[in-house]
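Subject: Structure handover and notes

Dear colleague,

Please read the notes with the coordinates open beside them.

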Amino acid sequence: MGIFRTLADDPSAGVRITPGIEASRHTGTPPDWATTLPGFLPCTPAALPPSFTTGYRFEVPLVDMPVYLAHLHTRLIATGATIAKGKVTDLDDPRLGPVVVNCAGLGSRQLANDSTLRPIRGQHVIVTNPGITEFFSEDTGTSPDLLCIYPHGDTVVLGGTAVDGREDLNPDPAAADAILSRCTAVEPRLAGARVLAHRVGVRPTRAVVRVEVEERPSGRTVLHNYGHGGAGVTLSWGCARDIQRLLGRTGPC
Ligand SMILES: Cc1cc2nc3c(=O)[nH]c(=O)nc-3n(C[C@H](O)[C@H](O)[C@H](O)COP(=O)(O)OP(=O)(O)OC[C@H]3O[C@@H](n4cnc5c(N)ncnc54)[C@H](O)[C@@H]3O)c2cc1C
């Protein structure tokens with residue numbers, strides 16, 4: 001969280017500290033993590049959309065992923081790093097160098113022979129922003145139908161879905177219509193928004209994130225860093241630091 005707050009000071013990073021509401025159609029207590037967030041405040045019923053009974057305000061860093069990934073790419077190249085694109089089929093391939101950090105997500109099913117990884121497919125709809133400045137998300141529990149509204153300046157990311165076991169990446173038109181309908185019911189200004197794009201991704205999910213060293217029989221050292229499911233952005237800097245420690249290095253990432 002601290003690193004994303006710092007990144008929000010750099011307009012090129014695609015990170016904005018954004019206030020908003022997480023709400024539920026059921027009564028209940030807020031999750032522990034929410035109460036520690038800046039600006040945490042329970043909502044009055046009048047502040048909630050129709051049919052919602054509980055809600056909390058707080059601030060979070062919202063990350064505009066295409067902008068953020070371009071920012072990370074620029075920073076990486078500035079360090080003198082080079083990028084080679086290609087499919088790795090064997091973590092013991094000597095061309096990979098003396099130390100390998102495996103961040104292959106679902107690809108680790110084959111690369112690390114890990115059958116405990118599974119895909120959870122997710123879909124978003126990107127629309128023009130009709131003037132929304134606050135996020136909204138519903139605590140939908142284990143439902144595959146999510147509801148989130150994330151403003152990023154001129155655009156808004158609307159979600160979403162969480163379909164366990166599916167990893168195809170073609171947008172599903174019915175799912176997109178349902179996302180638009182759920183989000184517009186909560187935020188009527190979205191009714192006039194123009195659809196700009198559909199984004200589909202897969203959450204590489206595992207019961208426990210795998211961040212550890214493997215000394216391979218080949219003599220190769222592999223550091224694994226995969227299985228972050230639907231929290232890989234949130235966990236990214238912390239896991240990177242853990243990998244850095246495992247490598248025996250200190251200093252800024
Ligand atoms: C719809 C949706 C919403 C999400 N919302 C959030 C959120 O709000 N907050 C949050 O923290 N996280 C969120 N996530 C989760 C987050 O995006 C993932 O946890 C994160 O992308 C995982 O990163 P990763 O680098 O481990 O894996 P990936 O992003 O899957 O990247 C793995 C990379 O490895 C490459 N690869 C795989 N196998 C090989 C191989 N054999 N050789 C070479 N390359 C290979 C792949 O092509 C890919 O580029 C969301 C995900 C989705 C789909």
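This is a predicted model: local features need pLDDT of at least 70, side-chain atom pairs count only at pLDDT 80 or more; totals for chains, interfaces and linings use all residues.

**The ligand shell**

The ligand is surrounded by 23 residues, of which the closest are Gly-105, Gly-107, Gly-122, Gly-201 and Gly-232. Two or more residues of this shell come from each of the strands β5 (118-128), β10 (195-215) and β11 (221-228) and from the helix α6 (232-246), and β10 is the element that gives the most, with four residues. Sorted by class, the shell around the ligand holds 10 nonpolar, 11 polar and two charged residues.

His-224 counts as buried because 23 other C-beta atoms lie within 10 Å, where the cut-off for a buried residue is 20 or more. Leaving aside residues up to four places away in sequence, His-224 touches Asn-102, Ala-112, Arg-210, Val-211, Glu-212 and Glu-214. His-224 is also 119 residues apart in sequence from Gly-105, while the two are 9.8 Å apart in space, C-alpha to C-alpha; Gly-105 is among the closest residues to the ligand.

Helix α5 (residues 173-186) has 14 residues and reaches 20 Å from its first C-alpha to its last, which is close to the 20 Å expected at 1.5 Å a residue. The buried residues of α5 are Ala-175, Ile-179, Arg-182, Cys-183 and Val-186. Seen down the axis of α5, these buried residues fall within an arc of 90°, and therefore they line one face of the helix. What covers them includes β5, β6 (135-138), β7 (145-152) and β8 (155-161), whereas on the other side of α5 the residues Pro-173, Ala-174, Asp-177 and Ser-181 are exposed.

Helix α3 (residues 65-78) likewise has 14 residues and a reach of 20 Å from its first C-alpha to its last, close to the 20 Å expected at 1.5 Å a residue. Here, however, the helix is hardly covered, and the count of buried residues among its 14 residues is zero. Pro-66 is found in α3 and counts as exposed because it has 12 C-beta neighbours inside 10 Å, the cut-off for an exposed residue being 12 or fewer. The C-alpha atoms of Pro-66 and Gly-159, which are 93 residues apart along the chain, are separated by 16 Å. After α3 comes Gly-80, whose phi is positive, near 100°.

**The nonpolar cores**

The largest nonpolar core has 25 residues, and those that touch the most other members are Val-127, Ile-149, Tyr-150, Val-156, Leu-158 and Cys-183. The elements that give two or more residues to this core are β1 (15-24), β3 (54-63), β5, β6, β7, β8 and α5, with β7 giving the most, at five residues. A second, separate core of five residues includes Leu-7, Ala-13, Val-15 and Val-63.

As for Val-127, its contacts, not counting residues up to four places away in sequence, are Thr-155, Val-156, Leu-158, Leu-190, Ala-193, Arg-194, Val-195 and Leu-196.

**Backbone details to look at**

Most residues other than glycine have a negative phi, and most peptide bonds are trans. Against that background, which residues other than glycine have a positive phi here? One of them is Ser-51, with phi near 75°; Ser-51 is found in the loop between β2 (41-42) and β3 and is exposed, with 9 other C-beta atoms within 10 Å. Another is Asn-113, with a positive phi of about 50°; Asn-113 is found in the loop between α4 (108-111) and β5, and it counts as exposed with 8 C-beta neighbours inside 10 Å.

The peptide bond from Gly-159 to Gly-160 is cis, with omega near -5°, and Gly-160 is found in strand β8, which is among the elements covering the buried residues of α5.

Best regards

How values were computed:
Residues are numbered from 1 along each chain as its sequence is written. A residue is near a molecule or strand if its C-beta atom, placed from the backbone, lies within 6 Å of it. Ala, Val, Leu, Ile, Met, Phe, Trp, Tyr, Cys and Pro count as nonpolar, Asp, Glu, Lys and Arg as charged, and the others, Gly among them, as polar. The expected span of a helix is 1.5 Å times one less than its number of residues. The arc is that of the directions from the helix axis to the C-beta atoms. Two residues are in contact if their C-beta atoms, placed from the backbone, lie within 7 Å. A nonpolar core is a set of buried Ala, Val, Leu, Ile, Met, Phe, Trp, Tyr and Cys residues joined through C-beta atoms within 7 Å.
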